[in-house]
Amino acid sequence: SNCTQTTEFSLAGFTEDPATQVTLFLLFLLTYLVTILGNLGMITLIRASPLLHSPMYYFLGNLAFVNLCTSTIVTPRMLVGVLLGKKGMAYAWCMAQVFTVDLFLVTECFLLATMAYDRYMAVCHPLLYPLVMSPEHCSRLVMGSYLLGLANGVGQTMGMSSLFFCGSSAIDLFFCDISLLIARSTSDTTLSLVILRTASSVLGVPTILVVLVSYMAIISTILSISSAEGKRKAFATCASHLATVSTFYGTLIFMYLIPRSDSSRGADKWAAVLYTMVTPMLNPLIYSLRNQEVKEAWKRLRKI
């Protein structure tokens with residue numbers, strides 16, 4: 001009753017050493033620039049090259065857009081904090097960051113699940129693939145991913161709006177993470193926790209199951225192929241997406257599902273760096289370096 005609502009949160013940095021801060025700033029800035037160029041380049045290439053006008057690359061273009069948004073939401077503000085030492089973030093901006101991060105996080109989960117299903121149909125049911133993955137169906141799957149992400153962002157933000165914060169407003173991370181904010185609240189967090197856990201169960205778990213079941217069926221189908229060349233080609237169509245899924249879900253599971261002591265919480269920052277900055281940078285590189293069709297599209301575009 002003697003405490004006023006917090007109007008600003010203090011985001012933790014990585015280090016207080018000036019030399020290390022400069023090094024981290026340059027490293028994160030380079031990562032962000034590569035992320036922008038890589039994802040914008042992938043989106044442009046997919047739109048410009050008829051060779052890439054297929055369901056897989058349609059999903060990949062949307063994944064590149066989501067990666068670009070996720071990185072832009074988090075990285076520029078973090079760069080300002082590292083360079084200038086500004087750790088404060090206004091309450092309204094923090095809530096906006098919660099909304100957008102949760103929106104694009106769930107959208108990416110569903111896009112990755114959709115891409116896994118796309119690879120399942122291509123490898124296991126190639127004759128039905130043109131019918132099931134028609135342009136209309138693909139558009140609905142992508143639109144559904146964005147709508148479910150929007151529903152998650154709105155729901156989480158509404159749950160957060162009823163919370164009261166006073167006293168210590170320090171967040172031991174470089175962006176406003178909803179689970180840490182709930183832990184810092186001095187009011188009843190029951191509603192927020194119910195929304196968070198329900199969203200994780202209803203939206204997160206099914207996407208992981210779709211990915212796991214799809215790749216179990218894909219691996220089983222690949223192993224049943226008699227020729228070594230056939231196995232290589234079938235696996236090549238899935239290797240890039242599997243690498244992306246492993247990096248994205250691996251860091252999320254480490255950060256949110258593996259229990260650990262308070263003394264080991266410092267690793268959360270680097271896990272968050274992986275899925276908010278490193279993974280969005282790596283995705284276009286993975287698909288461009290490992291995919292022969294993307295390489296061929298780049299060559300044709302350069303000749304024009």
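Analyst: Let us begin with a pair of helices. Pro 55, Tyr 58, Phe 59, Asn 62, Phe 65 and Val 66 of helix 2 meet Cys 138, Ser 139, Leu 141, Val 142 and Tyr 146 of helix 5, where contact means heavy atoms within 4.5 Å. Helices (H or I, at least four residues) and strands (E, at least two) are DSSP runs, numbered from the N terminus. The model is predicted: local features need pLDDT of at least 70, side-chain atom pairs count only at pLDDT 80 or more, and totals for chains, interfaces and linings use all residues. Residues are numbered from 1 along each chain as its sequence is written, and side-chain values use heavy atoms, with hydrogens and water left out.

User: At what angle do helix 2 and helix 5 pack?

Analyst: Axes are lines fitted to C-alpha atoms, for helices over the stretch in contact, and angles run from 0 to 180 degrees between N-to-C directions. Helix 2 (residues 55-84) and helix 5 (residues 135-161) pack at about 20 degrees, and their axes are 10 Å apart. Angles under 35 degrees count as roughly parallel, over 145 as roughly antiparallel, 65 to 115 as roughly perpendicular and the rest as oblique. Helix 2 and helix 5 are therefore roughly parallel to each other.

User: Is the crossing of helix 2 and helix 5 left-handed or right-handed?

Analyst: A crossing is left-handed if the near helix is turned anticlockwise from the far one by less than a right angle, and right-handed if clockwise. The crossing of helix 2 and helix 5 is right-handed. Helix 3 passes helix 7, by contrast, in a left-handed crossing. The axes of helix 3 and helix 7 (residues 190-224) come within 9 Å and cross at roughly 20 degrees, which makes helix 3 roughly parallel to helix 7. Among the residues that meet there are Val 106, Cys 109 and Phe 110 in helix 3, and Leu 203, Thr 207 and Val 210 in helix 7.

User: Which cysteines does a disulfide join?

Analyst: A disulfide is a covalent bond between the sulfur atoms of two cysteines. The rule applied here asks for a pair of cysteine sulfur atoms within 2.5 Å, and by this rule the count comes to one disulfide. Cys 94 is joined to Cys 176, with 1.8 Å from S to S. The pair links distant parts of the chain, 82 residues apart: Cys 94 lies in helix 3 (residues 91-124), and Cys 176 in the loop between strand 3 (170-171) and helix 6 (178-184). The torsion about their S-S bond is about -120 degrees, so the disulfide is left-handed.

User: Why is Cys 109 too far for a bond?

Analyst: The closest cysteine sulfur to that of Cys 109 is in Cys 69, 15 Å away, which is too far for a bond.

User: Is Cys 94 buried or exposed?

Analyst: Buried means under 20% relative accessible area, exposed over 50%, partly exposed in between (1.4 Å probe, protein chains only). Cys 94 counts as buried, at 0%.

User: Which residues does Ser 169 touch?

Analyst: Ser 169 is found in the loop between helix 5 and strand 3. Not counting residues up to four places away in sequence, Ser 169 touches Thr 6, Glu 8, Phe 9 and Ser 10. Ser 169 and Phe 9 are 160 residues apart in sequence, yet 5.0 Å apart in space, C-alpha to C-alpha.
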